[in-house]
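Biologist: Please take a close look at a single part of this model, down to the individual residue. Then tell me what surrounds that part and how it sits in the whole.

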Amino acid sequence: MSVHISAKKGEIAKTVLMPGDPLRAKYIADNFLTDVTLVSKTRNVFFFTGKYKGKEITVGASGMGFPSIGIYSYELFTEYEVDTIIRIGTCGAYATDLKLFDILNVEKAASESTYAKFAWEIEEEAISNQGDAFDKINQTASELNLNVKSTNIHSSDIFYRKNPTVPAIAEKYNCLAVEMEAFALFANAKYLGKNAATILTVSDIIPTKEEISADQREQALRTMMELSLETALKY
Ligand SMILES: O=P(O)(O)O[C@H]1O[C@H](CO)[C@@H](O)[C@H]1O
Ligand SMILES: O=c1cc[nH]c(=O)[nH]1
């Protein structure tokens with residue numbers, strides 16, 4: 001048990017898939033895994049361990065934002081000996097060169113956040129994915145004939161803001177999209193010497209206000225889920 005995860009030692013797999021949304025974690029467990037055990041339900045953030053094509057995998061939610069993924073990923077890496085976390089999230093595109101349903105593999109997450117600096121004395125404002133998960137995702141995508149774009153993204157503390165222009169840090173690092181967790185995940189993995197990657201599906205185009213409807217969302221995210229599961233088989 002850790003402070004925020006009630007699984008026993010040994011009940012969490014070495015590779016964890018981590019959506020923001022607890023219901024997305026349940027969807028993966030219900031639709032893709034066999035021999036599933038609910039190993040933690042602390043705060044209703046469910047973690048499920050099961051098998052995908054015979055390989056043990058855990059799926060559990062990060063919640064939203066740096067504090068939340070910072071806690072869960074740190075406890076998974078340090079108390080459960082997890083080696084690899086692949087975040088599977090949604091993002092908003094800053095420009096119309098990305099389309100709804102596009103899938104991104106994050107190279108670097110740029111942020112105005114002080115999380116990495118004050119947690120680990122990491123001074124960079126753009127932190128790379130860590131270890132070999134990014135390469136394994138691209139390799140898997142090409143085996144599955146999936147079009148996945150490698151790019152920098154903006155990780156932000158802010159979902160709603162007064163000024164609609166693209167934030168300066170996103171311009172500086174050529175970030176095509178925004179989400180709210182990858183920077184803290186990469187910072188934790190960098191400090192701890194672990195693998196971390198982030199796959200994102202574009203759920204909205206910010207300037208045109210187009211978005212994936214609630215009906216489309218479940219099916220739209222299945223491709224990203226399958227990509228992460230097939231990548232996990234490589235560990
Ligand atoms: O779909 P998830 O993984 O939650 O990711 C995105 O969605 C949430 C905001 O709606 C933030 O957590 C953001 O990063
Ligand atoms: O963090 C996010 C996720 C989706 N769309 C946004 O605009 N921001």
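**Asp 35 and its surroundings**

Modeller: Asp 35 counts as exposed, because 10 C-beta neighbours lie inside 10 Å of it. The cut-offs are these: a residue is buried if 20 or more other C-beta atoms lie within 10 Å of its own, exposed if 12 or fewer, and partly exposed in between, with C-beta atoms placed from the backbone. This is a predicted model, in which local features need pLDDT of at least 70 and side-chain atom pairs count only at pLDDT 80 or more, while totals for chains, interfaces and linings use all residues. Residues are numbered from 1 along each chain as its sequence is written, and chains are lettered from A and ligands numbered from 1 in the order in which they are written.

Asp 35 is not a glycine, yet its phi is positive, at about 50°. Asp 35 belongs to strand β2, which covers residues 34-40. Helices (H or I, at least four residues) and strands (E, at least two) are DSSP runs numbered from the N terminus.

Strand β2 pairs with β3 in the antiparallel sense, over four bridges; two strands pair if DSSP finds at least two bridges between them. Within this pairing, Thr 34 stands opposite Lys 51 in β3. β2 and β3 form a hairpin with six residues between them. In that turn, Arg 43 has a positive phi of about 60°.

From there the pairing can be followed onward. Strand β3 (residues 47-52) pairs with β4 in the antiparallel sense over six bridges, and Tyr 52 stands opposite Lys 55 in β4. These two strands also make a hairpin, with two residues between them. Lys 53 in its turn has a positive phi of about 50°. Strand β4 (residues 55-60) pairs with strand β1 (residues 15-18) as well, in the parallel sense and over two bridges. Leu 17 stands opposite Val 59 in β4.

The buried residues of α1 (residues 22-32) are Arg 24, Ala 25, Ile 28, Ala 29 and Phe 32. Seen down the axis of α1, they fall within an arc of 140°, so they line one face of the helix; the arc is that of the directions from the helix axis to the C-beta atoms. Their packing partners are β1, β2, β3, β4 and α7 (214-232). The face of α1 turned away from the buried side carries the exposed residues Leu 23, Asp 30 and Asn 31.

Elsewhere, Phe 101 also has a positive phi, near 80°, and is likewise a residue other than glycine. Phe 101 is found in the loop between β5 and β6 (103-110) and counts as partly exposed, because it has 15 C-beta neighbours inside 10 Å. Lys 149, in strand β8 (residues 148-155), is partly exposed, with 16 other C-beta atoms within 10 Å. Leaving aside residues up to four places away in sequence, Lys 149 touches Asp 102 and Leu 104. Contact here is defined by C-beta atoms, placed from the backbone, that lie within 7 Å. Lys 149 and Asn 105 are 44 residues apart in sequence but 6.0 Å apart in space, C-alpha to C-alpha.

The ligands come next. A residue is near a molecule if its C-beta atom, placed from the backbone, lies within 6 Å of it. Around ligand 1 are Pro 19, Gly 20, Asp 21, Met 64, Gly 89, Thr 90, Phe 159, Glu 179, Met 180 and Glu 181. The residues around ligand 2 include Thr 90, Cys 91, Gly 92, Ser 203, Asp 204 and Ile 206. β5 (84-93), β9 (177-179) and β10 (195-205) each supply at least two residues of the ligand 2 shell, and β5 gives the most, with three.

On the whole-protein scale, there are seven helices and 11 strands. The radius of gyration is 16 Å, close to the 18 Å that the globule rule gives for 235 residues, so the protein is as compact as a globular protein of that length. The radius is taken over C-alpha atoms, and the rule is 2.2 Å times the number of residues to the power 0.38. Of the 235 residues, 48% count as buried.

Technical notes: Two residues are in contact if their C-beta atoms, placed from the backbone, lie within 7 Å.
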